[in-house]
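Q: Before we look at individual side chains, could you guide me through reading charged and aromatic contacts?

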Amino acid sequence: QVQLVESGGVLVQPGGSLRLSCAASGSISSINDMGWYRQAPGKQRELVATKTSRGSSNYADSVKGRFTISRDNAKNTVYLQMNSLKPEDTAVYYCKLRITRISGLSFDYWGQGTQVTVSS
């Protein structure tokens with residue numbers, strides 16, 4: 001089994017910063033591609049940032065220059081550093097990881113979501 005646990009979502013003022021974490025545990029051989037998505041009330045889930053196993057990153061235009069996706073392989077943890085936050089960044093944020101299990105099979109796993117609210 002593989003579990004993802006997200007953390008870091010809180011209420012923050014506009015212009016503030018947050019770092020979200022997505023920790024994977026279980027029968028993991030490697031974490032390959034990774035991504036962060038978000039879903040605001042009444043809207044569809046949208047891509048925020050992705051990073052391939054080769055290190056190539058991609059960001060939504062709305063977050064370029066403000067958000068950074070990264071990983072700590074030793075901790076099996078993926079991060080989303082968010083700076084210069086805006087009210088429109090308010091959403092539930094989800095991580096998605098492509099994980100190769102010890103069995104050798106690869107699957108996509110989603111975190112449970114963490115609420116980020118940007119408001120004064």
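Q: Over the face of which ring does R45 lie, and at what distance from the ring centre?
A: A charge is taken to sit over a ring if NZ of Lys or CZ of Arg is within 6 Å of the ring centre and within 35 degrees of the ring normal. Here R45 lies over the face of W110, at 4.7 Å from the ring centre, and the charged end of R45 also sits over the ring of Y94, 3.8 Å from its centre. This is a predicted model, in which local features need pLDDT of at least 70 and side-chain atom pairs count only at pLDDT 80 or more, whereas totals for chains, interfaces and linings use all residues. Residues are numbered from 1 along each chain as its sequence is written, and side-chain values use heavy atoms, with hydrogens and water left out.

Q: Why is the pair of F107 and Y109 edge-to-face?
A: The ring centres of F107 and Y109 are 6.3 Å apart and their planes stand at 70°, so the pair is edge-to-face.

Q: Are Y109 and F107 buried or partly exposed?
A: Buried means under 20% relative accessible area, exposed over 50%, and partly exposed in between (1.4 Å probe, protein chains only). Y109 has 16% relative accessibility and counts as buried, while F107, at 36%, counts as partly exposed. In the other pair, Y37 is buried at 16%, and W110 is partly exposed at 39%.

Q: How many salt bridges does a search of the whole structure find?
A: A salt bridge is a side-chain nitrogen of Lys or Arg within 4 Å of a carboxyl oxygen of Asp or Glu. The search finds 5, among them the one between R38 and E46, whose closest N and O atoms are 2.7 Å apart. R38 is buried, at 5% relative accessibility, whereas E46 is partly exposed at 37%. Another joins R66 to D89, with the closest N and O atoms 2.8 Å apart; R66 lies in the loop between β6 (57-59) and β7 (67-72), and D89 in the loop between β8 (77-82) and β9 (91-101), 23 residues apart. Both R66 and D89 are buried.

Q: Where do R98 and D108 lie in the chain?
A: The side chains of R98 and D108 meet in a salt bridge at 2.5 Å, N to O. R98 is in strand β9 and D108 in strand β10 (residues 106-110), 10 residues apart, and the pair links distant parts of the chain. R98 is partly exposed, at 35%, and D108 is partly exposed, at 38%. Salt bridges that share partners join R38, E46, R66 and D89 into one network.

Technical notes: Helix = DSSP H or I, 4+ residues; strand = E, 2+ residues; numbered from the N terminus. Phe/Tyr/Trp six-rings, centres within 6.5 Å; stacked < 30°, edge-to-face > 60°.
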